[in-house]
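Colleague: I am new to this structure and would like to know what stands behind the terms used for it. Could you show it and then take my questions in turn?

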Amino acid sequence: MSEITSSELYAAIEDKLCAYFGVTSETATDEQGIKYTLNQNSTDYSVYYSTSGHTDDLPAEIVIPDAIEGCPVTTISRNSFNDCTNLTKVTFSAGLTSINFSAFSGCIKLKEFVSLITQPTWSSVDKEIYERAHVIIPAGTLEAYLAVGGWNSFLLFEEGQEVVDYERT
């Protein structure tokens, strides 16, 4: 019996998990032009997609979906939307758990985030976006957003129907 390397084992596990979830490709591009890369959590071996880029015809308003091919989309990777100068609004699905630094770097018209996340975790967005964009969040979640690094750097939140101007002291 021959030995199997850790990378061969990782690939075999990934193939089985992808088959289980019905995932047919390690990369995908949705109808909006958002590109995704398949990843595997090294702790629990769960499979998830992260954003990895975009096509040139990305619309001004995009929605990061809950899943692609049945696999959850949990991460917006670094530089995914770098220099999307026409991007004005991004909606985050409830399952998003990570927004990496520089994900929206150079998005000079980006002024609005709609977040469906009810239990926010750490995120990172470039300073110039914190200062100009407002975030629409689910009703009753403002305290949770203000308690989490990254999210608490935004200056303007809209919770449900109420606009909340949050000034740091």
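Modeller: Helices (H or I, at least four residues) and strands (E, at least two) are DSSP runs, numbered from the N terminus. Thr91, for instance, has its place in strand E7. This is a predicted model, in which local features need pLDDT of at least 70 and side-chain atom pairs count only at pLDDT 80 or more, while totals for chains, interfaces and linings use all residues. Residues are numbered from 1 along each chain as its sequence is written, and side-chain values use heavy atoms, with hydrogens and water left out.

Colleague: How many helices and strands are there in the protein chain?

Modeller: The protein chain has three helices and twelve strands.

Colleague: Why is Thr91 called buried?

Modeller: Buried means under 20% relative accessible area, exposed over 50%, and partly exposed in between (1.4 Å probe, protein chains only). Thr91 has a relative accessible area of 14%, so Thr91 is buried. Of the 169 residues of the protein chain, 43% count as buried.

Colleague: What does Thr91 touch?

Modeller: Contact means heavy atoms within 4.5 Å. Leaving out residues up to four places away in sequence, Thr91 touches Ile62, Val63, Ile64, Val114 and Leu116.

Colleague: Why is E6 said to be largely enclosed by the rest of the structure?

Modeller: Five of the six residues of E6 are buried, so E6 is largely enclosed. Thr74 has its place in this strand. At a relative accessible area of 15%, Thr74 is buried. Not counting residues up to four places away in sequence, Thr74 touches Tyr48, Tyr49, Gly95, Leu96, Thr97 and Ser98.

Colleague: What makes the approach of Thr74 to Thr75 a polar contact?

Modeller: A polar contact is a pair of N or O atoms within 3.5 Å; within protein, one must be able to donate a hydrogen and the other to accept it, and residues adjacent in sequence count only if both atoms are side-chain atoms. The contact here runs from the side chain of Thr74 to the side chain of Thr75, at 3.2 Å.

Colleague: How do you know which strands pair with E6?

Modeller: Two strands pair if DSSP finds at least two bridges between them. E3 and E6 have three bridges and pair in the parallel sense, with Ser50 opposite Thr75 in E6. E5 (residues 67–68) is joined to E6 by two bridges, and these strands run antiparallel; Ile68 has Cys71 as its bridge partner in E6. Two bridges also join E6 to E8 (residues 98–99), in the parallel sense, and Ile76 stands opposite Ile99 in E8.

Colleague: What makes Glu112 and Lys89 a salt bridge?

Modeller: A salt bridge is a side-chain nitrogen of Lys or Arg within 4 Å of a carboxyl oxygen of Asp or Glu. For Glu112 and Lys89 the closest N and O atoms are 3.5 Å apart, so the pair meets the rule. The pair links distant parts of the chain, with Glu112 in strand E9 (residues 112–115) and Lys89 in strand E7, 23 residues apart. By this rule the count comes to one salt bridge.

Colleague: Are Glu112 and Lys89 buried or partly exposed?

Modeller: Glu112, at 18% relative accessibility, counts as buried, and Lys89, at 23%, counts as partly exposed.
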